[in-house]
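Open your viewer and keep the selection panel handy.

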Amino acid sequence: MRIALRIALAASAALLTLGVAQAQEKTLKIGTEGAYPPFNNLTSDGQLVGFDIDIAKALCDEMKVKCTFVAQDWDGIIPALQAGKFDAIVASMSITPERAEKVDFTHKYYNTPPAIVAPKDSDLKGVTKEDLAGKTIGVQASTTHFNYSTKIYTDSTVKPYPTAQEYQLDLANGRLDAANDDIVVLQQWLDSPDGACCKLIGAIKPVVEIHGPGAGIAVRKGETDLVNQFNAAIDAIRANGKYKEINDKYFKFDVYGGDS
């Protein structure tokens, strides 16, 4: 009996070790845009960097899985996920009902407000529909900021762009009157030499029905186990200080946006 018990225990231990090893060997492919600094950006030598990337790496470490990253144009990022090009999107994607019809989301991993910027010599005084009447506003297409601009700024011309860098270039060169995006993205640009042309007009109060409750991680519909794993990992890095370490690398305030 003792010999049989020892054999059984040894076999169980071997299976447990194998299970842990297999979990550690599992690889998740993470899709991200690579054109939305400081959250995600593709460097000149082809490296993906930014807050999203560091958060994704921390979550993968917490989940004990290996992660690789795939750069994907924003307009095609959800179709690419659905087609199996990668397993999850970590790309500052706002959680919205429309997107939730196509993908499943984790809870938020950050939430920052949108804002309006304009040239330094602009006469803009605020961010309301009336303030921006008659103006041409640049905004990245297929984003909550684009949805907000087209719904609210109906007396303005809303011009969509494939990436943030492209509307920033047009704003700097006088081809736009204003731009709408996340305040962190805009402020980092304003603080750079390329953004010296422009100023922050003000923050926009988020509309939950349009902007959603924050940025979440998207996975294919029905992959509940993966959503739960990511949620547990988000909670863990918030609790163990890793989130704050990454947050403080990029920002002077908590981008999580409160506990809700």
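Start by selecting threonine 32, which is buried at a relative accessible area of 0% (buried means under 20%, exposed over 50% and partly exposed in between, with a 1.4 Å probe and protein chains only). Before going on, note that this is a predicted model, in which local features need pLDDT of at least 70 and side-chain atom pairs count only at pLDDT 80 or more, while totals for chains, interfaces and linings use all residues. Residues are numbered from 1 along each chain as its sequence is written, and side-chain values use heavy atoms, with hydrogens and water left out.

**Around threonine 32**

Threonine 32 belongs to strand 1 (residues 27-32); helices (H or I, at least four residues) and strands (E, at least two) are DSSP runs numbered from the N terminus. Show the contacts of threonine 32, meaning heavy atoms within 4.5 Å: leaving aside residues up to four places away in sequence, they include Asn40, Leu48, Ile53, Gln72 and Val90. Which atom lies 2.8 Å from a polar atom of the threonine 32 side chain? Select valine 90 and look at its backbone oxygen. This is a polar contact (a pair of N or O atoms within 3.5 Å; within protein, one must be able to donate a hydrogen and the other to accept it, and residues adjacent in sequence count only if both atoms are side-chain atoms).

**Strand 6 and its partners**

Now select strand 6 (residues 88-94), where seven of the seven residues are buried. Strand 6 pairs with strand 1 in the parallel sense, over two bridges; strands pair if DSSP finds at least two bridges between them. Pick isoleucine 30 and you will find alanine 88 of strand 6 opposite. Strand 13 (residues 215-220) also pairs with strand 6, in the antiparallel sense and over four bridges. There, isoleucine 89 faces alanine 218 of strand 13.

**Into the core**

Next, select Phe51, Tyr109 and Phe230, which touch the most other members of the largest nonpolar core, a set of 46 residues. Such a core consists of buried Ala, Val, Leu, Ile, Met, Phe, Trp, Tyr and Cys residues joined through side-chain atoms within 4.5 Å. Helix 2 (residues 51-63) gives the most to this core, seven residues. Centre on phenylalanine 230: among the residues it touches are Leu28, Ile30, Leu59, Met63 and Ala88.

**Aromatic stops**

Colour the rings: 13 aromatic pairs turn up in the whole structure. Rings of Phe, Tyr and Trp (its six-membered ring) pair if their centres lie within 6.5 Å, with planes under 30 degrees apart counted as stacked, over 60 as edge-to-face and the rest as tilted. Phenylalanine 39 and phenylalanine 51 have ring centres 6.0 Å apart and planes at 80 degrees, so they pair edge-to-face. Phenylalanine 39 is in the loop between strand 2 (35-36) and strand 3 (40-42) and phenylalanine 51 is in helix 2, so the pair ties together parts 12 residues apart in sequence. Now widen the selection to the cluster that ring pairs form, including Tyr36, Phe39, Phe51, Tyr109, Tyr243 and Tyr256.

The charged end of lysine 108 sits over tyrosine 256, 4.4 Å from the ring centre, and arginine 238 lies over the face of tyrosine 243 at 4.7 Å.

**Zoom out**

Finally, show the whole protein chain: 10 helices and 13 strands, with 48% of its 260 residues buried.

Conventions. A charge sits over a ring if NZ of Lys or CZ of Arg is within 6 Å of the ring centre and within 35 degrees of the ring normal.
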